[in-house]
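I opened the model today to look up a few things. These are my notes, in the order I made them.

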Amino acid sequence: MIASSCGFARLLSQRVLLGHLAVSAALGVIALAPGHAHAAGNAGADVFATECAECHSLKQGKNKKGPSLFAVAGRKAGSIEDFKYSSAMTSSGIVWTADQIDSYVTQPKKAVPGGIMKYDGLPDAKARADLIEYLASVK
Ligand code: HEC
């Protein structure tokens, strides 16, 4: 019995540690997410953080390696004034509807041949749907 209660105590302390990590991870996401991230957007916020945040900010006017994606939904491709796009992007004629973002994020080089987004694409359809829902909420 002693051995198993020890095991239980160890399990408990692991739980506490994991709980703590989960809480700090959640706080990290909330800190990154502008405006109000409601529950449905959280999965998308995670996808954004791991796949896109290296190059894109969601702050208005803040460009990184890629243009700010603040209020990207409904925007004309290549329309951030002070970002240096490829001519492929500025002349693509794309408007960033959910469908267009979906095909671009699936295969950037196929959707905009000659574009300069160095991203191989996100094959997971569920992750893309969560991401797009989240992006649409940032406006
Ligand atoms: C390695 C850096 C990098 C990563 C990672 C990246 N992007 Fe980009 N993104 C860029 C660059 C650079 C451009 C400009 C492309 C061009 O001009 O051809 C761009 C352009 C875009 C545009 C067009 C914006 C506009 O103003 O027309 C969208 C939408 C976009 N990215 C979405 C995403 C999403 C969503 C992700 C994550 C799944 C992502 N990007 C990941 C660098 C990146």
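**Entry 1: the core**

Which residues touch the most other members in the largest nonpolar core? I found Phe48, Ile101, Leu131, Tyr134 and Leu135, out of 18 residues in that core. I noted the rule: a nonpolar core is a set of buried Ala, Val, Leu, Ile, Met, Phe, Trp, Tyr and Cys residues joined through C-beta atoms within 7 Å. Buried means 20 or more other C-beta atoms within 10 Å of a residue's own; 12 or fewer is exposed, in between is partly exposed, and the C-beta atoms are placed from the backbone. The largest share, four residues, comes from α6. In soluble globular proteins, nonpolar side chains tend to be buried together.

**Entry 2: what I am looking at**

This is a predicted model; local features need pLDDT of at least 70, side-chain atom pairs count only at pLDDT 80 or more, and totals for chains, interfaces and linings use all residues. Residues are numbered from 1 along each chain as its sequence is written.

I looked up the secondary structure and found six helices and zero strands. Helices (H or I, at least four residues) and strands (E, at least two) are DSSP runs, numbered from the N terminus. The order from the N terminus is α-α-α-α-α-α. The chain has 139 residues, and 21% of them count as buried. I also looked up contacts, where two residues count if their C-beta atoms, placed from the backbone, lie within 7 Å. Among contacts with a separation of 6 or more, 42% join residues 24 or more positions apart.

**Entry 3: helix α6**

I looked up the span of α6. It has 13 residues and reaches 19 Å from its first C-alpha to its last, close to the 18 Å expected at 1.5 Å a residue. The expected span is 1.5 Å times one less than the number of residues. Which residues of α6 are buried? I listed Arg128, Asp130, Leu131, Ile132, Tyr134 and Leu135. They pack against α2 and α4.

On the α2 side I picked aspartate 46, which sits in helix α2. Why does aspartate 46 count as buried? Aspartate 46 is buried because 20 other C-beta atoms lie within 10 Å. The C-alpha atoms of aspartate 46 and leucine 131 are 8.2 Å apart, though 85 residues separate them along the chain.

**Entry 4: helix α4**

The buried residues of α4 are Ile101, Tyr104 and Val105. Seen down the axis of α4, they fall within an arc of 95°, so they line one face of the helix. The arc is that of the directions from the helix axis to the C-beta atoms. An α-helix has 3.6 residues a turn, so residues three or four places apart point the same way. What covers the buried residues of α4 includes α5 (108-111) and α6.

I also checked serine 103, in helix α4. Serine 103 counts as partly exposed, with 15 C-beta neighbours inside 10 Å. Serine 103 and glycine 121 are 18 residues apart in sequence, and their C-alpha atoms are 9.3 Å apart.

**Entry 5: around the ligand**

Which of the 30 residues around the ligand come nearest? They are Cys52, Cys55, Gly66, Tyr85 and Gly115. The shell divides into 20 nonpolar, six polar and four charged residues. Here Ala, Val, Leu, Ile, Met, Phe, Trp, Tyr, Cys and Pro count as nonpolar, Asp, Glu, Lys and Arg as charged, and the others, Gly among them, as polar. α3 and α4 each supply at least two residues of the shell. The largest share, three residues, comes from α4.

**Entry 6: loops**

Serine 86 is in the loop between α2 and α3. Serine 86 counts as partly exposed, with 15 C-beta neighbours inside 10 Å. Leaving aside neighbours within four places in sequence, serine 86 is in contact with Gly114, Gly115 and Ile116.

Alanine 71 lies in the loop between α2 (42-51) and α3 (87-90). Alanine 71 has a positive phi of about 50°, although it is not a glycine. Most residues other than glycine have a negative phi.

Definitions and conventions:
Near = placed C-beta within 6 Å.
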